[in-house]
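Visitor: I am new to this structure and would like to learn how to read it. Please take one feature at a time.

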Amino acid sequence: MNADVQHIDAVEASESVSVVTEVPPRVLIVDDSRLQRKILSSSIKRWGFEVHEAGSAEEALEIAHKAHPDLVLSDWMMPGMNGLEFCNEFRKMSGDRYGYFILLTSKSEKNEVAMGLEAGADDFVTKPVDASELRARIAAGQRILRMQRELTEKNRLITDTLDELQRVYDSLDNDLIEAKKLQQSLIRERHKSFDCSDVSLMLRSSGHVGGDLVGFFPAGEGHLGLFSIDVSGHGISSALMTARLAGYLSAAAPDQNVALQRLDDGSYSFLPPEQVIETLNDLVLDEMETEHYFTLLLADVDLTTGHVRMAQAGHPHPAVQRRDGTIEQTGPGGFPVGLMSGISFTQFEAQLNPGDRMLLLSDGVTECPGPDGNMLEEEGLADMLRDLAQVKGPAFFEAMLWKMSDFAGDMDFPDDVSGILFEYHCAPDVK
């Protein structure tokens, strides 16, 4: 032991070590030799550490519970609980605050070192203790502790940030759920029967809210207006635009409906559909500060005769299914609304006879991808209509969605899906 004292004193006389910290690191020295503890304690205190001593592992555990040491220097061979057993117990109680554990030992065989590492030791110092080696190993331990605690703090900050993000997400999610309810409320009636026809509506967003909108409105004596809209993009901004467009084609406020003109007798009549779309194109470009555009199919249906006049602005063709099952999908196509000024649109017509029906759909149906990447397209839609020829009203859309899920392999479609089914039963003058 005297040799240890002389060696340590000689090293300390030749070097000056100063550790300046606001809170000195705590070191717990555990050794059944009082002299060895004194030698180590004297040196470590001069290096700027706060030192605690214990003459046994049992005593050390009591001190560790209270003092939470940053570093532990423990002799391996001690009566009662030895250094390995103490290290194992120390690891069980350390919790989130990691303590660097150095074993003081005369053992140097590889299997002994492996046993120490297995018990939870971080490092070893061979006895007799060399002060410069001990100082270097303590410094290495400090670096590891610093990195570990920095990592713990960063993990805490990450956890706090994730918790805050989760709170924000939950708040947004609640808002989006309410927004979805509001958007769905734009379609006040999903099914309505007239004297000689039925109208059914379907709106299914790919997310909480979407950019599709379908609807109908009275358009004067014996006339019904139908519209199917698909705003570019997805999400909140698209949904807000559909809400704005719903006001332009309102069934509740005909004076604000750009598709209607008020006559001298106070009644309303449907303006030419192509003229209405041109008006909407000007409104979007002149009054809406948005980069969104939309496709639209606008139809004026004469409920008495079954005659339909329409205009198409980049929207999928209407599908007419005749009473005998024949399917027609035609239209001029047209340019989307809100991309360019001065665009003209073309009116086209269809004649529905008793037993015929007309389907207006967004491109979320025809562009629905299958597992192989191929889309449903118009041919697939025609096959679907033939399979569902006997399915009427709202049940048609339920069956159509199941058919689409079979094609796609999933009920979660990548795009919004919406549609109008107009079923024409008979004209009053047809006997």
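Visitor: By class, what residues does the lining of the largest cavity have?

Guide: The model is predicted, so local features need pLDDT of at least 70, side-chain atom pairs count only at pLDDT 80 or more, and totals for chains, interfaces and linings use all residues. Residues are numbered from 1 along each chain as its sequence is written, and side-chain values use heavy atoms, with hydrogens and water left out. Now the general idea: rolling a probe the size of a water molecule over the atoms shows where empty space is left. A cavity is a set of points, on a 1 Å grid over the protein atoms alone, where a 1.4 Å probe fits but cannot get out; lining residues have an atom within 4 Å of a point. In this case the lining has six nonpolar, three polar and one charged residues. Ala, Val, Leu, Ile, Met, Phe, Trp, Tyr, Cys and Pro count as nonpolar, Asp, Glu, Lys and Arg as charged, and the others, Gly among them, as polar.

Visitor: What volume does the largest cavity have?

Guide: Its volume is about 50 Å³, where a volume is the space filled by probe spheres set on the points, and grid points are joined across faces, edges and corners. The count comes to one cavity of 30 Å³ or more.

Visitor: Which element gives the largest share of the lining?

Guide: Strand β17 does, with three residues. Both β17 (357-361) and α10 (377-387) supply at least two residues each. Helices (H or I, at least four residues) and strands (E, at least two) are DSSP runs, numbered from the N terminus. Among the lining residues are Pro316, His317, Gln329, Leu360 and Glu378.

Visitor: How is a salt bridge read, and how many are found in the whole structure?

Guide: Side chains of opposite charge can pair when their charged atoms come close. A salt bridge is counted when a side-chain nitrogen of Lys or Arg is within 4 Å of a carboxyl oxygen of Asp or Glu. A search of the whole structure finds 19 salt bridges. One of them joins Glu133 and Arg137, at 2.9 Å from N to O.

Visitor: Why are Glu133 and Arg137 separated by about one helical turn?

Guide: Because they are four residues apart in helix α6 (residues 131-185). Glu133 is partly exposed at 27% relative accessibility, and Arg137 is partly exposed at 26%. Here buried means under 20% relative accessible area, exposed over 50%, and partly exposed in between (1.4 Å probe, protein chains only). Arg156 and Asp160 also meet in a salt bridge, at 2.6 Å from N to O, and these two are likewise four residues apart in α6. A further pair is Glu189 and Lys192, with the closest N and O atoms 3.8 Å apart. Salt bridges that share partners join Asp123, Glu133 and Arg137 into one network.

Visitor: What does the backbone show at Lys127 and Pro128?

Guide: The peptide bond between them is cis, with omega near 0 degrees. Pro128 is in the loop between β5 (123-126) and α6.

Visitor: Where is His68 found?

Guide: His68 is in the loop between α3 (57-67) and β3 (71-75). Its phi is near 50 degrees, a positive value in a residue other than glycine. Glu377 is not a glycine either and has a positive phi of about 60 degrees; Glu377 lies in helix α10.

Notes: 1 Å grid on protein atoms, 1.4 Å probe; cavity = no way out; pocket = protein on both sides within 12 Å on 5 of 7 lines; lining within 4 Å.
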